[in-house]
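I opened this notebook to keep a record of what I looked up in one protein model, entry by entry. Each entry begins with what I wanted to find.

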Amino acid sequence: MFEIEPVEVKRAPGRAAAVDKTFRTFDPHQVLLLPPSLDDWLPEGHLARFVADLVDEVLDLSPILADYTEKRGYPPYDPRLMVRLLIYGYTTGVRSSRAIERKCSDDVAFRFLAADQAPDFRSIARFRRRHLDALADLFTQSLHLATKLGMVKMGRVALDGTKLEANASKHKAMSYGRLVDKEEQVEAEIAALEAKAAALLADAEATDEAEDATFGVDGKDMDLPAELDRREKRLARLQAARAQIEAEAADKARRHAEDKERRRRQRTGTSDQQAVIDAGEAAAKARPKPKAQANFTDPDSRIMKNSDGAYIQAYNAQAVVDEAHQVITAADVMTNASDALNYTTMLDQSAQNTGRHPKQAHVDAGYCSETNLEAAQERQLACGTDTFMATGRLGHDEQVQPAPRGRIPKNATLKERMARKLRTKPGRKAYSRRKAIVEPVFGQIMTCQNGRQLFLRGEDGARGEWRLLAACHNLRKIFRHAGTSGLAALAG
């Protein structure tokens, strides 16, 4: 009906002329006739589907739900949505609340788990901090799920520790010796400022001209007191850090002296609890070492040496791993850089979580001490756990020497007996499995879950986040072992 002039199709500059080939239809501006379904965008057997079914049908979220008792106010996000995001994020290495918020818009899996909602990062961070204890308890639930699936055998376990970077800079730490000097310096500065303030106020009362000359025409007499207030707050922080170092040094000296006196009493065959207490009280008066440090950003964290030989502000994360499927059976965080204090507590925690003691326990030389060797001997008699504890570190290419022939000398110490045990053929064969059990777990958490650094501060925050990382590690193992179909039996 109307004459239309032909329009020449414009081609992109630099693009070759069309070829004689038919392509599939591609229209980026095509409008969908029906609303899209996120369920169609995610492939079957995806980890996000496993997490969704896990949270909705298997995990017990009653501790989180019980915390919502206030009926007033704007409705919060559904806890299932938030737990979905945190579990999937911590499993795939997306742990930052801001990163999770971005993924809820950019990533199909996160949008599927959030049902196309996008909680802001403040809501995610507040939820994680508010329910950290309940989220950390997911570790126990993950372990129970793995046990039901037959993934935990407790035939052979390995205990080890790794240093996790704290959310604090080591440059914000100060040694005890420098704290004392700095405290005296700040006290002198405060005294000088107070004297200067008193003199200036006296001059100000005498004449306005003197006040203008001191503070300037537009100045105020509150400028100096504000500086004084800043110095007093700084002095308070220095005093708190000094008190922390002194308290920790006293507690450490007390425990060491009591343990030493107790062992001496056992060797002599006498028992005097009051003498043990007196020895601890006397040692608690010891002055801290000048190099003992405290951090102002995260006072619970410590300067520790990592596996690369670098000194970092960190926490000591401990884990007990079962050999069968590398499931973590116990996880905790310590503020002491030494592993030797965690042998008994970690194996006890593993037995409590699983309900049984392992047949063999493998630990490296970092746990070797007279106390732990005695505890290992007692544990074998009481629980049947045979401990293989390295008595010294080996070089990169150094091999374990064969055991000497003949009977064990009667006067051999516990350390000598353990070293001889590891030199036997069964001992070498058993202990060679230690690295293959626990080291890959730490590697997977550091790389796959981006767990090298903690985001939460304080010992409780670090412990909760480490246990959440361990829970997500176990859940990933369950997903690879049983998949989404395996949750049906668990849910029933």
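**Entry 1: ground rules.** I noted that this is a predicted model, in which local features need pLDDT of at least 70 and side-chain atom pairs count only at pLDDT 80 or more, while totals for chains, interfaces and linings use all residues. Residues are numbered from 1 along each chain as its sequence is written, and side-chain values use heavy atoms, with hydrogens and water left out.

**Entry 2: the whole protein.** I looked up the secondary structure and found 20 helices and 8 strands, where helices (H or I, at least four residues) and strands (E, at least two) are DSSP runs numbered from the N terminus. Of the 492 residues, 41% count as buried; buried means under 20% relative accessible area, exposed means over 50%, and partly exposed lies in between (1.4 Å probe, protein chains only). The protein exposes about 29,100 Å², of which carbon and sulfur atoms supply 50%, the areas coming from the Shrake-Rupley method with a 1.4 Å probe. I also checked contacts (heavy atoms within 4.5 Å): among those between residues at least 6 apart in sequence, 76% join residues at least 24 apart.

**Entry 3: salt bridges.** How many salt bridges does a search of the whole structure find? The search finds 16, each being a side-chain nitrogen of Lys or Arg within 4 Å of a carboxyl oxygen of Asp or Glu.

I wrote down Asp39 with Arg49, whose closest N and O atoms are 2.8 Å apart. Asp39 sits in helix H1 (residues 38–41) and Arg49 in helix H2 (residues 47–58), 10 residues apart. Asp39 counts as partly exposed because its relative accessible area is 38%, whereas Arg49 counts as buried because its value is 10%.

Next I took Asp160 and Arg434, where the closest N and O atoms are 3.3 Å apart. Asp160 lies in strand E1 (residues 156–165) and Arg434 in helix H18 (residues 434–447), so this pair ties together parts that are 274 residues apart in sequence. Both Asp160 and Arg434 are buried.

Then I noted Asp348 and Arg379, with closest N and O atoms 2.7 Å apart. Asp348 belongs to helix H14 (residues 343–354) and Arg379 to helix H15, so the pair ties together parts 31 residues apart in sequence. Asp348 is partly exposed at 36% relative accessibility, while Arg379 is buried at 7%.

Salt bridges with shared partners also join Asp332, Glu459, Asp460 and Arg463 into one network. Asp332 lies in strand E6 (residues 328–334) and counts as buried because its relative accessibility is 14%. Beyond its neighbours within four places in sequence, Asp332 is in contact with residues including Asn316, Met346, Arg463 and Trp466.

**Entry 4: a helix with buried residues.** Which residues of helix H16 (residues 414–423) are buried? I found Met418, Ala419, Arg420 and Leu422. What covers them includes helix H15 (370–383), strand E8 (386–389) and helix H17 (425–431).

**Entry 5: a charged patch.** Last, I found a positive surface patch formed by Arg98, Arg102, Lys103, Arg122 and Arg126. A patch is made of residues with over 30% relative accessible area and no salt bridge, with like charges joined within 9 Å and nonpolar side chains (Val, Leu, Ile, Met, Phe, Trp, Tyr) within 5 Å. Helix H5 (97–106) and helix H7 (121–130) each give two or more residues to the patch, and H5 gives the most, with 3.

Key. Lys and Arg count as positive and Asp and Glu as negative; His and the chain ends are not counted. The place of a charge is taken as NZ of Lys, CZ of Arg, CG of Asp or CD of Glu.
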